[in-house]
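Subject: Structure for you to look at

Hello,

Here is the structure we talked about handing over. My notes on a pocket and some helix contacts follow.

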Amino acid sequence: DIYARFLCHFNIFAINLFSDETNFRIFQSLLLDIYKRNGHAADALQSCTNIVNATIDIYNFAIIEMLPTPSKSHYVFNLRDISRVVGGCALLKKDSIDNKKMYAKIWCHEIMRVFFDRLVNDEDRTRAYEKLSKCVQLHFKDKLEDLFEDLVGGGGKMNYDKMNGLFFGGYFDLDAEIEERRYEIVQSSTALRNLAYQCFEEYNATNTMKMDVVLFEYALQHLNKICRIMSLPGGSALLVGQGGSGRQSLTKLAAAILGQKLFQPEITKNYGLNEFRDDLKTMLKEAGGNGRDTVFVFTEGQMKMEEFLQDIECLLNLGEVPNIFQIDEKQEVLEMVRLAAQGGNRNLDIPPLQVFQFFVNRCKAKLHLILCFSPIGSSFRNRLRLYPSLVNCCTIDWYDTWPENALEMVAEKYIKDVKIP
């Protein structure tokens, strides 16, 4: 029990959940403002209305129908998910729009990535697809079969698996500035496969730890998902699957495609909290000090201490670990970012607290945490309960077992040159 004399020094504040009308007003204003600044046509208002209304409809469906259970403890949805969908749709540039259907296409893609990539079984995916189809008809006055004729092929019927063949990405426009990159539909998975193999060869040529991957269709789908997350400012991912499902290899390949710095701690016998925090300092200086997009890959097998997750939760929430830098180290950090915080004007006097806050904000935008966990056992469920930021601040991607055609492609690669008498 806590003494009443102690409790009298505290106040309790409660805030009710926002109504659908309030949520609509907030996100529609944000999306419309971004579209106007990006030079979209004047009729983008109706598209913004459709996107936000449809997203709120899916959100209400998720919190009512997709409830968490012991085996689905990550089925937790909040307003951050609406924000992620709207933020993804806001990446669409006017040069990538050839007709109004493009707004509906990018909305379908973002809904799949944010809400439905975490689903664990076919029953939930079927219900999710049916709701997606109804939302497209209700809000965009269109049918999925008409929107994605190239994915249906030959007058067939659309389904959840075919929807996973829908790719949006900005990895074909890496020469442009980050703010100017075109986030556009990928017309063919072959183009992504060719780009991935090219970056795969460059990675192996410049790194001592070689990769050996086979990019079947299922792997390409997850590669596109990881690239999307790492392209977003502050985008972090929770990749859930069994060992050997390709989570680390695809993350390394995605970092190579996007030209981002990859960092993964090397766990030794004497590796402890001090060594982990030294690695975090190095990574934060790269992301916040040098302003370079940095990917931090952390797996369940590297978690020697639960304190590691406490620091990771701080990074997800705040963009920093409080008091991780000593006084002399903090001074070094301030000198690294002072000129950038001044906007290039050396005569501008900015207090140290403001300079450090600039560093923290840049860390939060440039640092991408990719966490690879296994759903087997109770540890995954317990960690999500103890560290809610793993769900709230990450986009979740659930890895199933490999499909048959994937196994066939892997077998073909390793067996085709074997001469059997």
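Which residues lie nearest the centre of the largest pocket, and how many residues line it? The model is predicted, and in it the lining consists of 43 residues. Nearest the centre are Ser 231, Leu 232, Pro 233, Gly 234 and Gly 235.

The largest pocket holds about 1,300 Å³ of space. Several elements each supply at least two residues of its lining: the helices α2 (20-37), α4 (79-90), α11 (217-231), α14 (307-318) and α16 (352-366), and the strand β6 (367-373). The largest share comes from α4, with six residues. Sorted by class, the lining has 17 nonpolar, 15 polar and eleven charged residues.

1. α11 and α12

α11, one of the elements that supply the pocket lining, also packs against helix α12 (residues 247-258). The angle between them is about 55 degrees, and their axes are 9 Å apart. The crossing of α11 past α12 is right-handed. On the α11 side the contact is made by Ala 219, His 222, Leu 223, Ile 226, Cys 227, Met 230 and Ser 231. α12 brings Arg 247, Leu 250, Thr 251, Leu 253, Ala 254, Ala 255, Ile 257 and Leu 258. That contact has eleven nonpolar, three polar and one charged residues. Ser 231 of α11 takes part in this contact and is also among the residues nearest the pocket centre.

2. α13 and α15

Helix α13 (residues 273-289) packs on helix α15 (residues 327-341) at about 20 degrees, and the axes are 10 Å apart. The two helices are therefore roughly parallel, and their crossing is right-handed. Lys 281, Lys 285, Gly 288 and Gly 289 of α13 meet Glu 329, Glu 332, Val 333, Met 336 and Val 337 of α15. By class, the residues of this contact are three nonpolar, two polar and four charged.

3. α5 and α6

For helix α5 (residues 101-116) and helix α6 (residues 122-140), the packing angle is about 150 degrees and the axes are 12 Å apart. α5 is therefore roughly antiparallel to α6. α5 passes α6 in a right-handed crossing. From α5, the residues in the contact are Tyr 103, Ala 104, Trp 107, Cys 108, Ile 111, Met 112 and Phe 116. Ala 128, Leu 132, Cys 135, Val 136 and Phe 140 meet them from α6. The contact comprises twelve nonpolar residues, with no polar and no charged ones.

Regards

Technical notes. Residues numbered from 1 in each chain as written. Predicted model: local features only at pLDDT ≥ 70, side-chain atom pairs only at ≥ 80, totals over all residues. Heavy atoms only, no water. 1 Å grid on protein atoms, 1.4 Å probe; cavity = no way out; pocket = protein on both sides within 12 Å on 5 of 7 lines; lining within 4 Å. Points joined across faces, edges and corners; volume = space filled by probe spheres on them. Helix = DSSP H or I, 4+ residues; strand = E, 2+ residues; numbered from the N terminus. Nonpolar A, V, L, I, M, F, W, Y, C, P; charged D, E, K, R; others polar. Axes fitted to C-alpha atoms, helices over the stretch in contact; angles between N-to-C directions. Left-handed = near helix turned anticlockwise from the far one by under 90°. Contact = heavy atoms within 4.5 Å. Parallel < 35°, antiparallel > 145°, perpendicular 65-115°, else oblique.
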